[in-house]
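Let us walk through this protein together. Keep the sequence and the 3D view side by side as you read.

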Amino acid sequence: MPPQVSNLKNLENLKEFVVGKNGDGPNIRELGKLQYLCGYLCIKGLENVENVEDVWKANLKDKKGITELKLVWNDESDDSHKPREILNRLRPHTNLESLWIGNYGSTNFPDWVGHHSFSCITRVNLMGCKNCYILPALGQLPSLEEFEISGFDMVESIGEQFYYNGSSSATAFKSLKWMSFSDMPRWKEWLMCGSDEEEEGGVFSKVEYLTLSDCEMINGACLPDNLPSLKELEIRGRNQLLGSLSTCHYPSLRTLIISGCGEVESFPQGTLPSTITHIAIISCQKLVSLSDEGWPSNLNSILIRNCGKLFADTNIIKWNLRSVTSLTSLYISEVPDEVGDSFPEEGQFANTLTSFGVRDIPSLKSLNGGFLKQLTSLEFMSISSCRQLQCLPKEGLPASLSWLLIDDCPLLKARYQREMGKDWHKISHIPRIDIDA
């Protein structure tokens, strides 16, 4: 960052301003001379501010054109008072639409963060604020649609301070649609405030997407009881949530994603909400079996990705999905270990599947013909990035199949190439065939 940047007095676009250290680079007060900045601005190196009074001279409050602001400290400090004073003086104009704060070192936030006067803010990201033990009152931002909160090591409880700041009694989070909490190892209490019992117009009444990642002390009893609009719930990493989802009442929930849940050996753990139609199970490295009960009665789609132990010879017979007669779509990808000739295992699924796909299984050399023959309703089948797969089953493919997709499978491509492959005649009756299309 050249120290002369402030000489460009008519500058409108400055994506990044890095505060100099020990005179090497510009002082933060130089921002004050750039009166016409607009759009996105990122200020880095805030730990290099020596005199907090210089921050006033940055004059962000009068820069009406800045709509996206990112404020970043690059290292932690033992002085929690100074970062708060800096952030307080960095208060932007209320035209702001997006706010991102990273590695902030104080224990709490100044009042402007979450103040209801910022009526244009639609997105807030608070990342790596490891010393903070209290969250700002984001609930009072009337236009807030998305927030991501990550790396708050000291937060144990989320309560009234998250919803209200004392200066307004408006319904909290009335516009919120997407929220994400991650890396909050001490968080164990989530209290609801306001009219959360009302389905229409209550707290979080418009939330459609919720992600909880590496919040290992939070459990299902702490989740909001009433999320009437929630469509997708994603649970990542260590947590206590999977066994308690049966107590949640989310009438609009359709998609459940569990990812990186390293302690899970069997899934589901208890009865899942019947409204769920799609489940994705991703990178659960200890998963060895799928339960024969607890599946949603309306489930029609399952994705299994990077769950190596589930495909071991001794575990592939433990999938127990025969009773899930609503299931129509199954996709399997990223199997890092060896799979045997019985993959997928015959008799583990109902014959209701209409769509089946495998992707990125390096060791796969053959598909179980018995498994495929039982899929009398199968309409679409995709095989991708299975570079050792030599041929399709000798038993043939289901007569119901109307679309076959083969991509990045060189041995199959050579064998079933349109009009030229030696086994093209075995699949030529399928109405639609795409090979490396």
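What follows moves from the overall build to aromatic residues, then to charges over rings, and ends at one aspartate.

This is a predicted model. The protein has 437 residues. Its secondary structure comprises 5 helices and 21 strands. Along the principal axes, the C-alpha atoms fill a box of roughly 80 × 50 × 35 Å. Buried residues account for 49% of the protein. The exposed surface comes to about 19300 Å², and carbon and sulfur atoms supply 44% of it. Now consider contacts between residues at least 6 apart in sequence. Of these, 62% join residues at least 24 apart.

Turn next to the aromatic rings. The structure holds 25 aromatic pairs. One of them joins phenylalanine 147 and phenylalanine 181.

A second pair brings together tryptophan 187 and tryptophan 190. Here the centres lie 5.3 Å apart, with 55° between the planes, and the pair is tilted. Are these two side chains buried or exposed? Tryptophan 187 has a relative accessible area of 0%, so it counts as buried. Tryptophan 190 is at 5%, so it is buried as well. These two pairs are part of a wider group. Phe147, Phe181, Trp187 and Trp190 belong to one aromatic cluster, whose members also include Phe162, Tyr163, Tyr164, Phe173 and Phe204.

The charged end of lysine 70 sits over the ring of tryptophan 100, at 4.3 Å from its centre. Arginine 432 lies over the face of tryptophan 403, and here the distance to the ring centre is 3.8 Å.

Finish at aspartate 423. Where does aspartate 423 lie? It is in the loop between α5 (410-416) and β21 (432-435). Its relative accessibility is 6%, so aspartate 423 counts as buried. What does its side chain touch? The side chain of aspartate 423 makes a polar contact of 2.5 Å with the side chain of arginine 415. Setting aside neighbours within four places in sequence, aspartate 423 is in contact with Arg415 and Tyr416.

Methods:
Residues are numbered from 1 along each chain as its sequence is written. This is a predicted model: local features need pLDDT of at least 70, side-chain atom pairs count only at pLDDT 80 or more; totals for chains, interfaces and linings use all residues. Side-chain values use heavy atoms; hydrogens and water are left out. Rings of Phe, Tyr and Trp (its six-membered ring) pair if their centres lie within 6.5 Å; planes under 30 degrees apart count as stacked, over 60 as edge-to-face and the rest as tilted. Buried means under 20% relative accessible area, exposed over 50%, partly exposed in between (1.4 Å probe, protein chains only). A charge sits over a ring if NZ of Lys or CZ of Arg is within 6 Å of the ring centre and within 35 degrees of the ring normal. Helices (H or I, at least four residues) and strands (E, at least two) are DSSP runs, numbered from the N terminus. A polar contact is a pair of N or O atoms within 3.5 Å; within protein, one must be able to donate a hydrogen and the other to accept it, and residues adjacent in sequence count only if both atoms are side-chain atoms. Contact means heavy atoms within 4.5 Å. Accessible areas come from the Shrake-Rupley method with a 1.4 Å probe; for residues, only the protein chains shown count as cover.
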